[in-house]
Amino acid sequence: MDKSGEAYWKATLGLLTKILVVWFLVSFGAGILFVDMLNGIHLGGYPLGFWFAHQGSMYIFVALIFIYAKKMGEIDRKFDVHED
Amino acid sequence: MDLQTTIYLVVGASFALYIGIAFWARAGSTSEFYVAGGGVGPRVNGMATAADWMSAASFISMAGLISNMGYGGGLFLMGWTGGYVLLALLLAPYLRKFGKFTVPQFIGDRFYSKSASTVAVVCLLTASLTYVIGQMTGVGVAFSRFLGVSSETGIYVGMGIVFVYAVLGGMKGITYTQVAQYVVLIFAYTVPAVFISMHLTGNPIPQLGLGSNLVGQDISLLQKLDTIVVELGFGQYTTTTAGSTLNMFVYTMSLMIGTAGLPHVIMRFFTVPTVAAARSSAGWALVFIAILYTTAPAVAGMAKYNLMSTVNTAVATNGDLYAADSSLEVAKQPDWMNRWAKTGLLKFEDKNGDGRIQYYNDKTKNPDVIAKAEAAGWKGNELTVNADIIVLANPEIALLPNWVIALVAAGGLAAALSTAAGLLLAISSAISHDLVKGVFNPNISEKGELMAGKVAMAVSIVIAGYLGLNPPGFAAGTVALAFGIAASSLFPAIMMGIFSKKMNKEGAIAGMLSGLFITLFYVFAHKGIFFIKGTEFLDLIGGPNPFFGITPEAFGAIGALVNFGVAFVVDKFTKEPPEHIQHLVESVRTPRGSKAVDGVHA
């Protein structure tokens with residue numbers, strides 16, 4: 001396996017891209033661009049689009065950072081650049 | 001015990017706690033002063049970051065803004081939390097690996113240029129100073145409204161408290177008081193929300209309550225709220241956007257980028273021991289922030305419903321909102337309305353002389369509403385409610401006990417003081433570390449620099465206090481400016497410093513300056529040059545919001561785009577950065593070899 005700095009950076013950027021895509025979809029996508037469409041669906045008493053803008057996106061943001069921290073730790077160890 | 005005594009006791013106890021912590025956490029070295037010794041755990045730092053971040057505006061004003069704006073208010077919620085994802089992924093871990101005391105030092109070292117770091121210092125000082133004015137006035141407001149003293153006295157007391165723990169303890173003192181302040185403010189925010197949610201929906205969790213049915217009714221709170229506000233001529237609560245969809249999009253993006261680029265927040269991540277800790281700490285910070293931020297929309301919606309049903313009795317009984325006896329009689333106003341009327345935050349004027357209060361949108365274009373209001377003899381809206389009341393008077397509106405009201409007072413003060421302290425540290429370290437040590441006197445001893453830091457802190461507190469006492473007429477508009485500056489100048493520069501190995505100093509400096517310039521230009525065109533009334537130049541740029549209808553508050557993201565664009569163009573035509581800088585970038589990208597943060601200038 002390629003353990004060079006370049007390969008490590010490529011793996012990092014790959015992870016960042018995936019997470020930022022989700023980050024964009026839940027806030028700018030579900031919370032803003034597609035909000036009217038999603039408001040047709042209800043989550044309890046919440047119209048779904050409104051829920052994403054006022055609640056859901058924030059829960060997902062929290063999850064995203066922890067997923068990032070965990071996966072990044074795995075990448076660090078895989079490429080043997082983790083802290084001691 | 002009467003309300004005033006309870007408030008004095010609770011606020012006094014919280015202040016005693018902060019001062020106690022200050023004496024326990026004194027700073028003896030520059031490392032303790034700037035980065036709390038670098039050994040703060042990720043959870044503790046997360047909690048301190050949450051208090052650092054959540055200002056008087058988050059605590060006092062945000063729920064009220066959302067209450068007025070409805071769905072569109074979500075831009076604050078998404079913008080001010082989504083920025084932490086960017087901070088965690090793009091900046092914090094790399095800046096921690098870089099391992100120096102301040103943000104301008106990273107920019108100066110990475111772009112091998114004192115000019116670059118000086119530009120960064122200027123951006124930092126402008127952003128942080130404008131921000132701190134708002135905190136100081138927030139302290140004054142909380143004091144004058146809850147403790148019955150003048151807001152001047154309030155600001156002096158606030159300055160005194162911050163002075164004790166920020167000058168004595170620097171980052172170390174600030175970190176541990178921020179943890180205590182977080183605990184105070186989060187209780188103060190959530191306790192009333194839980195009571196109100198329970199009361200309205202029977203669900204004690206506000207986040208679920210907002211999506212539940214009203215007690216004893218077969219209709220959800222939000223649906224009911226939509227029906228009432230539309231019937232009274234306001235925009236539908238769950239769908240009204242902030243301007244156009246494009247404006248809301250860009251505004252949200254600006255707040256996200258601005259949040260990630262605010263130096264007083266970034267600095268907190270220099271206090272954790274490792275790169276891995278910086279990553280998870282950002283997650284913890286957002287957990288603690290989200291507890292308040294997911295409660296805020298519930299407070300907003302529920303307080304709006306409470307207000308509506310107080311002023312119009314037909315709301316609760318599903319009666320005719322326009323019936324003559326539905327509107328609240330002036331003589332039967334609840335105590336809290338009288339109390340807050342005295343502060344001027346609540347205004348009532350009986351325009352049609354019927355001895356009752358009519359609250360509706362008299363500027364509506366809805367012909368139904370206009371016809372009904374006319375038939376009912378309504379002569380215009382009679383009640384104006386300042387957004388801040390939604391949080392400040394919330395416990396009173398919901399008839400909660402005195403100790404809850406006292407807690408809200410202490411919480412508002414905690415939110416303002418913790419943010420003020422963080423900003424003051426960012427300001428004083430930029431002065432003592434980046435200017436005094438970095439530019440004017442590189443040979444200063446550690447002891448000398450520590451003293452310079454404390455003196456800079458003391459002077460900053462006095463300046464912040466002075467500005468709080470004599471707020472320049474533009475205080476209200478300035479927080480938006482702080483975000484605009486952070487978004488358009490600092491965020492892109494730091495990000496390119498990490499993600500583009502070939503970005504050189506010419507590109508970075510040109511980028512920062514043009515991002516800053518275009519943003520200031522757009523803001524000043526609307527609000528006056530340096531916010532001086534009469535110096536607006538809207539005609540020159542073709543009327544208000546000429547750029548695709550984007551408001552000046554939302555412009556930071558456009559400034560950031562300009563910054564990136566200019567930087568890459570200039571970079572193409574100028575010399576590559578030297579070899580050792582490219583190695584520096586490589587080493588910043590990998591966690592191994594992270595060491596304790598220090599202040600040595602390269």
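Predicted model: local features only at pLDDT ≥ 70, side-chain atom pairs only at ≥ 80, totals over all residues.
Visitor: Why is chain A described as more spread out than a compact globule?

Guide: Along its principal axes, the C-alpha trace of chain A spans about 50 × 20 × 15 Å. For 84 residues the globule rule gives 12 Å, and chain A is more spread out than a compact globule because its radius of gyration is well over that, at 17 Å.

Visitor: Which pattern does chain A follow when read along the sequence?

Guide: The secondary structure of chain A comes to three helices and two strands. Read along the sequence, these elements of chain A follow the pattern α-α-β-β-α.

Visitor: Which helix gives the most to the side of chain B that touches chain A?

Guide: In this pairing, 43 residues of chain B are in contact with 37 residues of chain A. Several helices of chain B each supply at least two residues to that side, among them H5 (74-98), H10 (221-231) and H13 (275-311). With twelve residues, the one that gives the most is H13(B).

Visitor: Are H1(B) and H19(B) parallel, perpendicular or oblique to each other?

Guide: Helix H1 (residues 3-24) and helix H19 (residues 402-440) of chain B pack with their axes 8 Å apart, at an angle of about 40°. Angles under 35 degrees count as roughly parallel and those from 65 to 115 as roughly perpendicular, and the two helices are therefore oblique.

Definitions and conventions: Residues numbered from 1 in each chain as written. Chains lettered and ligands numbered in written order. Axes fitted to C-alpha atoms, helices over the stretch in contact; angles between N-to-C directions. Helix = DSSP H or I, 4+ residues; strand = E, 2+ residues; numbered from the N terminus. Parallel < 35°, antiparallel > 145°, perpendicular 65-115°, else oblique. Contact = placed C-beta atoms within 7 Å. Rg over C-alpha atoms; globule rule 2.2 N^0.38 Å.
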